[in-house]
Amino acid sequence: MSAVTTPRRRSAATERARGWKRRAPLLPALVFVLLVTQLPFLATLVYSLRSWNLLRPDSRMWVGLANYTSVLTDAQFLGAALNTVLITASCVLVAMALGIGLALLLDRGFVGRGVVRTLVITPFLVLPVATALLWKHIMFEPVFGLVNFLLSPFGAGDVDWISQSPVFSVVVALVWQWTPFMTLLVLAGLQSQSRDVLEAGAADGASRWQMFTWITLPHLRRYIELGVLLGSIYVVNTFDTIYMMTQGGPGTASANLPFYIYQRTFLGFDIGQSAAMGVVVVVGTIVVALLALRLIFRTFMSTQEAAT
């Protein structure tokens, strides 16, 4: 062992000791998080391998992966999964498109801009349950609702939106609630944009559309990706809006995965299959979230490398 290697090893050991000393105060919080998140998941995994219906106490036995086979071949579960994808994708994409448009308008200077910004943000501050009741009883009510009142001059004022188009009704309510969040996120991106670049583009004779597509939109990319990721994570777990507006109906026409799992657990009392559904949903959500996070981190890292 050379005389140079020994001091290096001592220095590395000292640095590791300092690192653990800095992390030590966080270890109780880490242990607590692991206990409250991983232990319930392990219990769910155990339940998913058992046949257990609360209405049949003698049905408790180990069935291996039979619950997963039943879940993946269940037409109602697959329909709920399709509804989940449809509701999440429609809500996030439409809310983001509207958010970009509103952010571009609010980025301009005009009298009363602060008041307008506050009013635009307001829907995001309303509780999801209140939002669902608002759209169910005030907007989409078939006789006295505002939507049918506004459409009546065009001959479309007798539509029962909740019964005839339940998924569309849920998506509209969610878009109304989530558009302010997307607007705020994109507006923050617009405010961080360099004015010198815009002035240089205008001096070169670029049109507004060219400046938006070639300068503003690439700058907003990471903000848009972050909004889509956060919106997807929250909207995919939507339960209260569907429960209050449609109860998953008619039948299971508007049920998404969280609501269908609730039905199987608390209405069907099938603990084994509902646990298997929960595990499948968690694994699918983790896979999608990891891919999205990897894409976003790659975008941020490339931006930092370009800046340096």
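Predicted model: local features only at pLDDT ≥ 70, side-chain atom pairs only at ≥ 80, totals over all residues.

Modeller: A polar contact is a pair of N or O atoms within 3.5 Å; within protein, one of the two must be able to donate a hydrogen and the other to accept it.

At the start of α4, Asp74 places a side-chain oxygen within 3.1 Å of the backbone nitrogen of Gln76. From there α4 runs for 32 residues, and its first and last C-alpha atoms are 45 Å apart, close to the 46 Å expected at 1.5 Å a residue.

The UniProt record, an unreviewed entry, lists residues 80–106 among the stretches given as "transmembrane region". That span is 100% helix and 0% strand, with 37 Å between its end C-alpha atoms. The same record places the feature "domain: ABC transmembrane type-1" at residues 81–292. Over residues 81–292 the chain is 77% helix and 0% strand, yet the end C-alpha atoms are 19 Å apart.

The packing of α4 comes next. Two packed helices are described by the angle between their axes and the distance between the axes. The crossing of α4 past α9 is right-handed. The residues of this contact comprise 23 nonpolar and 5 polar, with no charged residue.

Helix α11 (residues 208–235) also comes into the picture: its axis and that of α4 approach within 10 Å and cross at roughly 140°. Since an angle must be over 145 degrees to count as roughly antiparallel, α4 is oblique to α11 too. Here again α4 passes in a right-handed crossing.

Methods
Residues numbered from 1 in each chain as written. Heavy atoms only, no water. Left-handed = near helix turned anticlockwise from the far one by under 90°. Helix = DSSP H or I, 4+ residues; strand = E, 2+ residues; numbered from the N terminus. Nonpolar A, V, L, I, M, F, W, Y, C, P; charged D, E, K, R; others polar. Expected span 1.5 Å × (residues − 1). UniProt positions renumbered as here; feature names shortened; annotations may be inferred. Axes fitted to C-alpha atoms, helices over the stretch in contact; angles between N-to-C directions. Parallel < 35°, antiparallel > 145°, perpendicular 65-115°, else oblique.
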